[in-house]
Amino acid sequence: MNYFATLNPVAFTNALPGNIAQGLIWGIMALGVYITFRLLDFADLTVDGSFATGGAVTVMMTINGYNIWVSLLCACIAGLLAGLCTGLLHTKLGIPPILAGILTQIALYSINLNIMQRHANQALSADKYNLVLSSRNLTHAIIVGVIFSVVIIAVLYWYFGTEQGSAIRATGCNPAMSKAQGINIDNMKLIGLALSNAIVALSGGLLSQYSGFSDVNMGRGGIVIGLAAVIIGEVLGDALLGKHMNFMGKLIFVIFGGIVYYIVIGIVLWLQMPSDDLKLFTAIIVAIFLAVPYLKGKSKASFKKAGKRSATALNAKEGK
């Protein structure tokens, strides 16, 4: 009883806008993960490094007097180059996708340190610089996050409906058939990885502004959060829309997945669980949402269910 008495609902309510703002930012990152994970069928671990690269470039360019929008643009370009590096390691040198991503991720750690002038972190004060968003104004941060999400989703929906975008989706769906149809699957992988990591780096640039600093480790475990947002979004979308879920809906629910993930994390912290165990709770949350579609499909396709349906149909027929 003493434990429940210490739980203050007002404290959770006050923390909710911050959870939503962070969920939107990480949801944007999850859109980048969705491109490689679902559309390209490429297990890309570059994102842990390119996310921090986006934050480092944004902070350092802003500190050195560049406009914040120029800084964000350069962050996207840096992420794009990181994705291209992974793609080249895979397509030109024959390195497996996971290893190619790990190699780029490791290299980016040193690159990010050099970008931040050999410092593990760099501060970015909202008092000194005109930032796009900040944790000091959560309402504004949520609005900006929504605007960025809407624009990115609209652009991705349009792009993946073009001939080149459809070729990328075809490459992820069936590489052999795509190659037989004359699609250069290596180029499609390069474009997909570049686009994915550009979006991831943009998200890193937004988070560095929101948090007020960039850190060389800020992207560590980012791939897990991105996958969590994608999986949660898919489960929610399937539960709410079912067969009516189209490509636009999938992109939208990825953003919702990021928001739900951070709300769940907020609940975990509100329940006064040890913050040191946050990664453990993250793994548990992802495992649960990964298991839901499998268990749901298994229950529908089980022999026991089929037997019951057959018996019911036979009894109904005999009754007639």
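Student: In which helix is Asp48 found?
Tutor: This is a predicted model, in which local features need pLDDT of at least 70 and side-chain atom pairs count only at pLDDT 80 or more, whereas totals for chains, interfaces and linings use all residues. Residues are numbered from 1 along each chain as its sequence is written, and side-chain values use heavy atoms, with hydrogens and water left out. Helices are DSSP runs of H or I with at least four residues, strands are runs of E with at least two, and both are numbered from the N terminus. On that numbering, Asp48 is found in helix H3.

Student: Is Asp48 buried or exposed?
Tutor: Relative accessible area, computed with a 1.4 Å probe on protein chains only, is called buried under 20%, exposed over 50% and partly exposed in between. Because its relative accessibility is 14%, Asp48 counts as buried.

Student: What distance separates the C-alpha atoms of Asp48 and Ile106?
Tutor: Along the chain, Asp48 and Ile106 are 58 residues apart.

Student: Which side chain of opposite charge is nearest to Asp44, and how far away is it?
Tutor: Asp44 is found in the loop between H2 and helix H3 (47-63). For charge, Lys and Arg count as positive and Asp and Glu as negative, while His and the chain ends are not counted; a salt bridge is a side-chain nitrogen of Lys or Arg within 4 Å of a carboxyl oxygen of Asp or Glu. Asp44 is buried yet has no salt bridge, and the nearest side chain of opposite charge is Lys189, at 12 Å.

Student: With which side chain does Asp44 make a polar contact of 3.2 Å?
Tutor: A polar contact is a pair of N or O atoms within 3.5 Å; within protein, one must be able to donate a hydrogen and the other to accept it, and residues adjacent in sequence count only if both atoms are side-chain atoms. The side chains of Asp44 and Thr46 are joined by such a contact at 2.4 Å. The contact of 3.2 Å is made with the side chain of Asn197.

Student: How many residues apart in sequence are the parts tied together by Arg38 and Glu234?
Tutor: The structure holds two salt bridges, and in the one between Arg38 and Glu234 the closest N and O atoms are 2.6 Å apart. Arg38 lies in helix H2 and Glu234 in helix H10, so the pair ties together parts whose separation in sequence is 196 residues.

Student: Are the partners Asp127 and Arg136 buried or exposed?
Tutor: Asp127 and Arg136 meet through their side chains in a salt bridge, with an N to O distance of 2.5 Å. As for accessibility, both Asp127 and Arg136 are exposed.

Student: Which element gives the largest share of the lining of the largest pocket?
Tutor: The largest pocket holds about 440 Å³ of space, and its lining has 22 residues, with Trp26, Ile225, Tyr262, Leu278 and Lys279 nearest its centre. Here a pocket is an open set of points on a 1 Å grid over the protein atoms alone, where a 1.4 Å probe fits and protein lies on both sides within 12 Å along at least five of seven lines, and lining residues have an atom within 4 Å of a point; points are joined across faces, edges and corners, and a volume is the space filled by probe spheres set on them. The largest share of that lining, five residues, comes from H11.
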